[in-house]
Amino acid sequence: LNIEYHWFYEGYDGWWLYDKQTSTEIENAFQNQEPFVELLIAGFIYVIDFEEMAQYRKEVPGKVRKIQRAKTDPKIKGIAGLKTS
Ligand code: V3L
């Protein structure tokens, strides 16, 4: 049984879906039970922290966004900053 999971990061008053490639890399790291994964997102290195279930820029102390893994789409704002409605 192959259940596909989706990964989301927190926006203002809602959730954004990660882009497809980033989402795949996050899911692979999660399945491998890594505590976190570092990924290049929009030109910056982000830490995706599975213990805190949060993401944040590695080099610069900045916003900590909640992340979420779910089988079904919650109502999303869009994908990686591109609005879908
Ligand atoms: N994928 C794409 N862009 C991201 C991601 C990501 N995983 N994480 C941060 N950014 P920060 P509203 C978001 C962008 O966390 O109206 C949304 O995608 C982030 O974009 O301080 O508040 C929207 O494009 C922000 O522009 O490192 O819901 C935008 O915010 C920038 O990196 C507005 O969304 C700094 O985020």
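Which of the 14 residues around the ligand come nearest? They are Tyr9, Tyr12, Tyr46, Arg65 and Lys77. Keep in mind while you look around that this is a predicted model.

## The shell around the ligand

Sorted by class, the shell holds seven nonpolar residues, along with three polar and four charged ones. Two elements each give two or more residues to the shell around the ligand: β1, covering 6-11, and β5, covering 54-57.

Lys77, one of the nearest residues, has a side-chain N or O atom 2.7 Å from an oxygen atom of the ligand. Gln55 also uses its side chain, with a polar atom placed 2.9 Å from a nitrogen atom of the ligand. For Gly81 the backbone is involved: one of its polar backbone atoms is 3.4 Å from an oxygen atom of the ligand.

How much of the ligand's area does the protein bury? On its own the ligand exposes 680 Å², and 68% of that is buried by the protein.

## The chain as a whole

Stepping back, the protein chain has one helix and eight strands. Read from the N terminus, the order is β-β-α-β-β-β-β-β-β. The chain's radius of gyration is 12 Å, close to the 12 Å from the globule rule for 85 residues, so the chain is as compact as a globular protein of that length.

For a sense of its extent, the C-alpha trace spans about 35 × 30 × 20 Å along its principal axes.

Key. Residues numbered from 1 in each chain as written. Predicted model: local features only at pLDDT ≥ 70, side-chain atom pairs only at ≥ 80, totals over all residues. Heavy atoms only, no water. Near = heavy atom within 4 Å. Polar contact = N/O pair within 3.5 Å; in protein donor to acceptor, adjacent residues only side chain to side chain. Areas by Shrake-Rupley, 256 points an atom, 1.4 Å probe, with all protein chains shown as cover. Helix = DSSP H or I, 4+ residues; strand = E, 2+ residues; numbered from the N terminus. Nonpolar A, V, L, I, M, F, W, Y, C, P; charged D, E, K, R; others polar. Rg over C-alpha atoms; globule rule 2.2 N^0.38 Å.
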